[in-house]
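Me: Could you walk me through this model with me asking questions as we go?

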Amino acid sequence: MPNIAHLYFRTAIVFLLLGVAMGLHMAMSGQHNVIGPHAHTNLLGWVTMALFGGYYALNPAKAESRFAGIQYMTYATGVALMTVSLYLLYRGYASLEPVVAVSSLIVLAGIVMFAVIVFGREPVANPVRGEALRH
Ligand code: HEM
Ligand code: HEM
């Protein structure tokens, strides 16, 4: 598994590119019709993922746990699904509303997992086996 802080920043920058592309398209076309997807791609994608990545960089022992990998997969999948479905919803595909709802709940699950990691104990490194152990 690659370093999760790097993974978060690499994922976050992709969402910033998408979010800014939506913003520029709105600005240039003069049609401000995808504000919701633009705001959330930037804020859930770029800003929040960068904050998660920063936390994992500051807490490398926590970043190595299997649960941190599951947290990343859950949150990133939720935001990716939400970005695409919310964008299409705003572009008139009303039938996608349930997908937006489910993806929002996946995002929420990823945030709850992150809260568990933040409030969880710091694992200690085992110098003999080179693995992270819990207290
Ligand atoms: C080149 C970059 C960007 C462009 C051209 C751009 C453009 C826009 C436009 C045209 C709107 C609609 C404004 C309106 O009609 O009220 C908007 C709204 C918004 N943008 Fe951006 N944006 C950019 C980057 C960002 C970034 C990086 C973020 C967040 C990190 C962001 C967050 C928001 C938010 C939260 C709103 C909604 C504001 C509200 O509710 O009134 N934007 N942006
Ligand atoms: C699963 C998580 C989230 C859901 C389901 C959600 C849902 C919503 C909804 C329904 C609106 C009103 C949109 C409208 O009236 O057009 C909204 C607006 C907004 N949300 Fe969120 N939100 C979430 C997370 C966040 C987060 C984490 C941030 C900031 C870091 C954020 C920032 C904003 C902003 C700035 C607006 C106003 C801009 C706009 O009109 O789209 N949201 N959100």
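Reply: Gladly, and one definition comes before the layout: helices are DSSP runs of H or I with at least four residues, strands are runs of E with at least two, and both are numbered from the N terminus. This is a predicted model, and, read along the sequence, the protein follows the pattern α-α-α-α-α-β-β.

Me: How many helices and strands is that?

Reply: The protein has 5 helices and 2 strands. Its C-alpha trace spans about 60 × 30 × 20 Å along the principal axes.

Me: And what percentage of the residues count as buried?

Reply: Of the 135 residues of the protein, 38% count as buried.

Me: On to ligand 1, which residues are around it?

Reply: The residues around ligand 1 are L16, V20, G23, L24, M26, H32, I35, H38, A39, N42, L43 and V47. The elements that give two or more residues to this shell are α1 and α2, and the largest share, 6 residues, comes from α2.

Me: What is the make-up of that shell by class?

Reply: The shell around ligand 1 has 8 nonpolar and 4 polar residues, and no charged ones.

Me: Which side chains have polar atoms by the oxygen and nitrogen atoms of ligand 1?

Reply: An N or O atom in the side chain of H32 is 2.5 Å from an oxygen atom of ligand 1, while a polar side-chain atom of H38 lies 2.8 Å from a nitrogen atom of that ligand.

Me: OK, now ligand 2. What surrounds that one?

Reply: Ligand 2 is surrounded by G36, H40, L43, L44, Y90, S104 and V107. In this shell α2 (35-58) and α5 (97-119) each supply at least two residues, and α2 gives the most, with 4 residues. L43 is listed around ligand 1 and also around ligand 2.

Me: How do the residues around ligand 2 divide by class?

Reply: They divide into 4 nonpolar and 3 polar residues, with no charged residue in the shell around ligand 2.

Me: What about α2 and α5, parallel or antiparallel?

Reply: The axes of α2 and α5 come within 12 Å and cross at roughly 20°. With angles under 35 degrees counting as roughly parallel, α2 and α5 are therefore roughly parallel to each other, and α2 passes α5 in a left-handed crossing.

Me: Last one, G78. Where is it, and is it buried or exposed?

Reply: G78 has its place in helix α4 (residues 66-90). Because its relative accessible area is 0%, G78 is buried. The C-alpha atoms of G78 and G45 are separated by 10.0 Å, with the two residues 33 residues apart along the chain.

Note on methods. Residues numbered from 1 in each chain as written. Chains lettered and ligands numbered in written order. Predicted model: local features only at pLDDT ≥ 70, side-chain atom pairs only at ≥ 80, totals over all residues. Heavy atoms only, no water. Near = heavy atom within 4 Å. Nonpolar A, V, L, I, M, F, W, Y, C, P; charged D, E, K, R; others polar. Buried < 20%, exposed > 50% of the residue type's maximum accessible area, 1.4 Å probe, protein only. Polar contact = N/O pair within 3.5 Å; in protein donor to acceptor, adjacent residues only side chain to side chain. Axes fitted to C-alpha atoms, helices over the stretch in contact; angles between N-to-C directions. Parallel < 35°, antiparallel > 145°, perpendicular 65-115°, else oblique. Left-handed = near helix turned anticlockwise from the far one by under 90°.
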